[in-house]
Amino acid sequence: MKYPEIGSEFWEYDSNGIVADHIPEWLKWGKESRFLLSGRTAIDHIIKDVRTYSDPKTVYLPSYCCQTMIRPFEMNGLIVSFYDVYIDNKGGISFKADLDFSPDILVSIDYFGYRTNDNQKLIRHFKEKGSIIIEDCTHSLFCYKPFDSLSDYAFAGFRKWMAIFDGAIVTCINNSFNIPDCTLEHESYLNA
Ligand SMILES: Cc1ncc(COP(=O)(O)O)c(C=O)c1O
């Protein structure tokens with residue numbers, strides 16, 4: 001029998017080495033979800049999954065975003081453009097995107113956990129145009145409905161919520177991932 005790596009057995013295995021399901025219901029996202037190192041690795045994972053069936057060249061990101069979110073797209077050779085995020089005259093968050101643009105990938109964020117009509121419209125509009133929709137749910141992680149089922153992928157980094165160094169969830173919302181989960185194990189040690 002193959003034993004799990006020491007120190008992480010409680011998450012996925014019971015005492016008999018049988019795969020157990022200890023993932024809380026609220027973290028069971030989409031058709032398939034995985035836990036990764038960070039929001040950045042989640043973005044990288046999504047791009048690699050997309051590349052198994054498509055060849056994206058452009059990504060449309062909200063202008064109010066952290067530089068760390070842009071890096072994984074750049075490192076994968078994607079051309080990054082931004083749509084405007086601004087505070088409207090009612091104090092709400094609004095978006096101004098070029099609706100004629102046809103990005104291969106659109107990234108959407110429900111800022112501070114609020115889904116606005118603007119956000120909903122943006123997702124629908126670009127989905128209809130054939131863009132792959134990625135929702136960055138770092139802000140909406142604890143919301144009742146963190147992402148739209150119309151979207152293709154969603155992820156959330158954990159470290160903005162609590163004093164931890166890293167961790168993220170990523171989901172392929174309506175399908176399974178095409179690429180394998182990246183659980184690197186020290187094979188020779190485990191088999192010794
Ligand atoms: C909204 C948002 N998404 C994603 C990230 C990246 O997450 P991580 O730091 O886990 O790579 C950040 C980090 O600043 C962020 O603010």
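Reply: Accessible areas come from the Shrake-Rupley method with a 1.4 Å probe, and for residues only the protein chains shown count as cover. Here the accessible surface of the protein comes to about 11,300 Å², with 56% of it belonging to carbon and sulfur atoms. Keep in mind that this is a predicted model, where local features need pLDDT of at least 70, side-chain atom pairs count only at pLDDT 80 or more, and totals for chains, interfaces and linings use all residues. Residues are numbered from 1 along each chain as its sequence is written, and side-chain values use heavy atoms, with hydrogens and water left out.

Me: How many helices and strands does the protein have?

Reply: Helices (H or I, at least four residues) and strands (E, at least two) are DSSP runs, numbered from the N terminus. That gives five helices and eight strands, in the sequence pattern α-β-α-β-α-β-β-β-α-β-β-β-α.

Me: In what order do the strands form the sheet?

Reply: Two strands pair if DSSP finds at least two bridges between them. The eight strands make an open, mixed sheet that runs β1-β8-β7-β6-β5-β2-β3-β4. From one strand to the next, the twist averages 20°. For a pairing to look at, take β3 (residues 79-87) with β4: antiparallel, over four bridges. There, V85 has F95 of β4 as its bridge partner.

Me: Which strands does α2 touch?

Reply: Contact means heavy atoms within 4.5 Å; for directions, axes are lines fitted to C-alpha atoms (for helices over the stretch in contact), with angles from 0 to 180 degrees between N-to-C directions. Helix α2 (residues 39-50) packs on the sheet against β1, β6, β7 and β8 (168-172), and its direction makes about 165° with that of β7.

Me: And what's in the largest nonpolar core?

Reply: Buried means under 20% relative accessible area, exposed over 50%, partly exposed in between (1.4 Å probe, protein chains only). A nonpolar core is a set of buried Ala, Val, Leu, Ile, Met, Phe, Trp, Tyr and Cys residues joined through side-chain atoms within 4.5 Å. The largest one has 35 residues, and F73, I134 and Y153 have the most contacts inside it. Its largest share, five residues, comes from α2. There's also a second, separate core of 10 residues, with L141, A156, I169 and I173 among them. Of the protein's 192 residues, 41% count as buried.

Me: Now the loop between β6 and β7: is T138 buried or exposed?

Reply: T138 sits in that loop, between β6 (132-136) and β7 (153-157), and it counts as buried because its relative accessibility is 13%. Beyond residues up to four places away in sequence, T138 touches F155, A156, G157, K160 and W161. T138 and W161 are 23 residues apart in sequence, with their C-alphas 8.6 Å apart. As for polar contacts, these are pairs of N or O atoms within 3.5 Å; within protein, one must be able to donate a hydrogen and the other to accept it, and residues adjacent in sequence count only if both atoms are side-chain atoms. T138's side chain reaches the backbone nitrogen of G157 at 3.2 Å.

Me: What does the side chain of S140 reach?

Reply: The backbone oxygen of P146, at 3.1 Å. S140 is also in the loop between β6 and β7, and at 1% relative accessibility S140 counts as buried. Leaving aside neighbours within four places in sequence, S140 contacts D110, G113 and P146.
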